[in-house]
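Please examine the structure shown here, and then follow the account of its helix packing and strand pairing.

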Amino acid sequence: MALGIGIVGLPNVGKSTLFNALTKAQNAEAANYPFCTIEPNKAVVPLPDERLEKLASFIKPAKVTHATVDFVDIAGLVKGASKGEGLGNQFLSNIRETEAILQVVRCFDNPDVVHVDGSVDPLRDIEVIETELLLADVQTLEKKIDRLQKMAKGDKTTKLMLDDAETLLKFMNEGNPASLFAEKDRETIRQLIDQLRLMTSKKTIYCTNVDENGLNINNEYVLKVAHFAESRHCDWIKISAKVEEELIGLNEKERHEFLESYGVKKSGLEKVIRISFHSLGLISFFTGGPKEVRACTIHKGEKAPRAAGEIHTDFEKGFIRAEVISYDDYVNYGSEAACKAAGVMRVEGKDYVVQDGDVMHFLFNV
């Protein structure tokens with residue numbers, strides 16, 4: 001399953017610096033002026049998972065394959081982006097193709113780093129971005145309503161969708177994102193949101209970008225963003241994109257020592273990847289054998305046949321059963337054979353809900 005996260009924000013808030021760190025290479029040009037990112041840069045980033053490495057140490061496969069997160073570095077948006085200002089329309093379409101939004105917000109003062117609006121105000125910056133996304137969504141929804149009006153005569157199903165679309169439009173015209181619409185999970189509303197890929201319906205993670213001095217304390221800017229995110233029931237995270245970029249090229253020991261010098265234990269990037277994973281309600285399961293140990297991704301609550309489909313579509317179509325060992329049991333006993341002998345390997349059918357960390361082997365017939 002491809003997990004696409006769009007990195008958005010005003011120009012020059014640290015998006016490309018963060019992207020460089022995510023890819024561990026200087027793939028995105030970072031410069032002290034707006035619109036240094038002209039085309040959306042994309043990167044496939046492995047999901048750090050100590051469990052995968054632990055399983056590999058037991059199985060010793062020829063190959064280890066991590067679950068991945070796709071990050072898209074989208075050029076800075078400005079006021080009027082929904083009307084094509086800056087490079088607006090092009091990049092709004094890039095955001096629509098992602099599953100979640102990582103909004104980078106500048107939370108540090110530095111007179112040498114230009115701010116597009118001349119001063120640092122994270123809540124103002126968030127409002128600019130989210131207003132442009134909302135205005136673009138309203139335009140998209142209005143066009144859909146125009147089409148539905150032409151199709152609705154004599155068609156009850158289309159008329160129902162038209163009524164719901166107009167109700168949603170009224171709600172959004174009052175300045176509300178689609179994600180806060182009380183009836184967003186109703187079938188016709190969900191269909192509308194999914195069809196139109198409304199940006200304000202996507203999960204948003206607020207990423208406060210601080211300088212080196214802000215890693216150990218939450219400055220007033222960070223506290224404002226944290227309070228706002230919590231009021232929206234959204235995740236937020238604090239990083240220093242510049243510090244993360246300086247980790248590029250360091251070995252594991254050097255990285256550990258460097259982070260310790262700032263009083264932090266884990267890379268902010270690992271937190272970004274993990275919280276992105278969590279925000280979308282995803283879990284990992286594992287498959288293991290001499291050729292490959294692999295981490296796969298599914299939504300929490302999905303069943304065994306769907307998990308099998310992540311390996312190959314034929315596995316889902318011809319699913320018979322799954323042999324399942326919990327991660328803790330596998331580590332405790334040290335091998336599949338030992339787990340089987342101890343009676344902790346389970347045989348599960350089509351209704352089994354996959355648990356995070358399950359080690360699975362699928363039997364199928366096509």
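The coordinates belong to a predicted model. Within this model, helix 4, which spans residues 122-151, packs against helix 6, which spans residues 187-196. The angle between the two is about 115 degrees, and their axes lie 11 Å apart. The crossing of helix 4 and helix 6 is right-handed. On the side of helix 4, the contact is made by Thr140, Leu141, Lys144 and Arg147; helix 6 contributes Leu192, Gln195 and Leu196. By class, the residues of this contact comprise three nonpolar, two polar and two charged.

Attention may now pass to strand 9, formed by residues 293-299. Is this strand mostly covered or mostly uncovered? Strand 9 is mostly covered, since five of its seven residues are buried, that is, each has under 20% relative accessible area.

Which strands pair with strand 9, and in what sense? Strand 3, consisting of residues 64-65, pairs with strand 9 in the parallel sense over two bridges. In this pairing, valine 64 has valine 293 of strand 9 as its bridge partner. Strand 8, consisting of residues 282-288, pairs with strand 9 in the antiparallel sense, over seven bridges. Here serine 284 stands opposite threonine 297 of strand 9. Strand 8 and strand 9 together form a hairpin, with four residues between them.

As a general point for reading such pairings, the side chains of a regular strand alternate between the two faces of the sheet.

Technical notes
Residues are numbered from 1 along each chain as its sequence is written. This is a predicted model: local features need pLDDT of at least 70, side-chain atom pairs count only at pLDDT 80 or more; totals for chains, interfaces and linings use all residues. Side-chain values use heavy atoms; hydrogens and water are left out. Axes are lines fitted to C-alpha atoms, for helices over the stretch in contact, and angles run from 0 to 180 degrees between N-to-C directions. A crossing is left-handed if the near helix is turned anticlockwise from the far one by less than a right angle, and right-handed if clockwise. Contact means heavy atoms within 4.5 Å. Ala, Val, Leu, Ile, Met, Phe, Trp, Tyr, Cys and Pro count as nonpolar, Asp, Glu, Lys and Arg as charged, and the others, Gly among them, as polar. Buried means under 20% relative accessible area, exposed over 50%, partly exposed in between (1.4 Å probe, protein chains only). Two strands pair if DSSP finds at least two bridges between them.
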